[in-house]
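Colleague: Could you walk me through this model before I look at it in detail? I'd like to go residue by residue, then on to the helix packing.

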Amino acid sequence: MILSKPLYRNYTPIVNQVLAAMLQNRTFDAHLAASAATSHRWSSEAVSEVLRSVPSCFFRSPRSIGTQKGFRHRSPLRQRNLREESDRFSSGVLVLGPAAYRDPHKVHLGLDKALEFYYWVEANFGFAHDEKTCREMALVLAKGNGLKALWAFLRDMSRRGSGELVTTSTVTCLIKVLGEEGLVNEALTAFYRMKQFHCRPDVYAYNTIIYALCRVGNFRKARFLLEQMELPGFRCPADTFTYTILISSYCRYSLQTGSRKAIRRRLWEANHLFRIMLFKGFVPDVVTYNALINGCCKTYRIGRALELFEDMNKRGCTPNRVTYNSFIRYYSAVNETDNAVDMLRRMQKMNHGIPSSSSYTPIIHALCEAGKVLEARDFLVELVDGGSVPREYTYKLVCDALISAGEADLLDDDLHSRIKDGINKRYKQMGKFKPIMTRSGYDRMET
């Protein structure tokens, strides 16, 4: 198989050559070693490039190829069981979560080829691995869920490098990746094995494992680690980020329980941690305030949210768009659109952020439900003039409301074309190539 173009344009030719050999399941023989020796000299960056490309080449599901690389990441909500997933794969049962639609044979091939390449570069070129390449290899094993090979690799590297290859930052990055993969118990094992790898956990390592535990709802273990950090004379005392992680997690995952008692308990815990944070002399930042305000607004505790908002201004912490959007969503949900509009205008007046689609959408929906079609149309025009693109459902809602009120001519053709082009462009960027605008839908406004 001859590749017509390189796999990655930014990579060196030898990196693309090695990746092609991995994908073709060719052995790293003397011929490849001779061509590599004549064309390129291996460096730490080149080896890291090869290892970083293994997950995207072998671990990605076919359904994720060509999709938009967004900034949002849905965290796994429960601890994964790899043995159960293996049994489901062998039985042909669908596996959901981070390993959904993966090809297990391709994943095993990627792990084997990554390990083979790691030791092949060292044996044939005299390349001395450093902390960077060791970390990339460990992350490949973690993303491929090769846990047995991961622990054996870390033990080997810790003995060989005398603490220079496996460092605290390496294990911390490993904990983060395992938590993102839904393997929180394994991340906790890596945290407790730091001493075995001749590493000492720092505050960032504690914060990383606490966040991983909170993502799967294991708040009891997370609070145990926080109480450990709060002990007098502890080597790694808690900082602002430690409390912010727990406060935001309590507020974020409180509504997912579906139990009013659990929601009240977790909101109480979040406010309790906030008061402890102030008592210890820590200065909360805008992220801490936003998490608490959002949690209070979602649970209809508007009095406490306004109290936090005033305290935020007194302490000199400038609110941002996220802060105002929490109030806008609350006031729109309880049909107090005047207060929602006041919050929007206050954000614009104080220059605390630029309103986006997430700021206008709740107000437009509330106005349409209240029958205030002209005001909803004005806010839609203001949204488009500000450079944002409304959601497809929001646009359809305003159009239908105007048609029902007999005011279909209030939206001109230029505005229609701008909105349609923006929505179609956004869908194309997401990988959905099917056009969304139909004659039976929004084109009724032009007839």
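Modeller: Let me begin with Leu51, which, leaving out residues up to four places away in sequence, touches Ala114, Phe117, Tyr118, Thr133, Glu136, Met137 and Val140. Please keep in mind throughout that this is a predicted model.

Colleague: Where does Leu51 sit, and is Leu51 buried or exposed?

Modeller: Leu51 belongs to helix α3, which covers residues 44-59, and Leu51 counts as buried because its relative accessibility is 0%. Leu51 and Leu139 lie 88 residues apart in sequence, while their C-alpha atoms are 8.8 Å apart in space.

Colleague: What about the chain as a whole, how many helices and strands are there?

Modeller: The chain has 21 helices and 0 strands. It is 447 residues long, of which 48% count as buried, and its accessible surface comes to about 23800 Å², with 52% of that belonging to carbon and sulfur atoms.

Colleague: And what share of the contacts between residues at least 6 apart in sequence joins residues at least 24 apart?

Modeller: Among those contacts, 66% join residues at least 24 apart in sequence.

Colleague: Let's move on to Thr240. Which helix is Thr240 in, and what does Thr240 contact beyond its neighbours in sequence?

Modeller: Thr240 is part of helix α12, residues 240-252, and, once neighbours within four places in sequence are set aside, Thr240 is in contact with Met277, Phe282 and Val283.

Colleague: Why does Thr240 count as buried?

Modeller: Thr240 counts as buried because its relative accessibility is 18%, and the cut-off for buried is under 20%.

Colleague: Where is Asp285, and what does Asp285 touch?

Modeller: Asp285 is in the loop that runs between α13 (260-279) and α14 (286-298), and, leaving aside neighbours within four places in sequence, Asp285 is in contact with Thr244 and Cys317. The relative accessible area of Asp285 is 26%, so Asp285 is classed as partly exposed. The C-alpha atoms of Asp285 and Thr318, 33 residues apart along the chain, are separated by 8.9 Å.

Colleague: Changing topic to the backbone: what is the phi of Asn145, and where does Asn145 lie?

Modeller: Asn145 has a positive phi of about 60 degrees although it is not a glycine, and Asn145 lies in the loop between α6 (131-143) and α7 (147-161). Because its relative accessibility is 17%, Asn145 counts as buried.

Colleague: What about Asn335, is Asn335 buried or exposed?

Modeller: Asn335 is exposed, since its relative accessible area is 52%. Asn335 also has a positive phi, of about 65 degrees, without being a glycine, and Asn335 is placed in the loop between α16 and α17 (337-350).

Colleague: How far apart are the axes of α19 and α20, and which residues of α19 and α20 meet?

Modeller: The axes of helix α19 (residues 373-385) and helix α20 (residues 392-405) are 10 Å apart, and the two helices pack at an angle of about 145 degrees. α19 passes α20 in a left-handed crossing. Val373, Arg377 and Leu380 in α19 meet Tyr395, Val398, Ala401, Leu402 and Ala405 in α20, and the residues of this contact divide into 7 nonpolar, no polar and 1 charged.

Note on methods:
Residues numbered from 1 in each chain as written. Predicted model: local features only at pLDDT ≥ 70, side-chain atom pairs only at ≥ 80, totals over all residues. Heavy atoms only, no water. Helix = DSSP H or I, 4+ residues; strand = E, 2+ residues; numbered from the N terminus. Buried < 20%, exposed > 50% of the residue type's maximum accessible area, 1.4 Å probe, protein only. Contact = heavy atoms within 4.5 Å. Areas by Shrake-Rupley, 256 points an atom, 1.4 Å probe, with all protein chains shown as cover. Axes fitted to C-alpha atoms, helices over the stretch in contact; angles between N-to-C directions. Left-handed = near helix turned anticlockwise from the far one by under 90°. Nonpolar A, V, L, I, M, F, W, Y, C, P; charged D, E, K, R; others polar.
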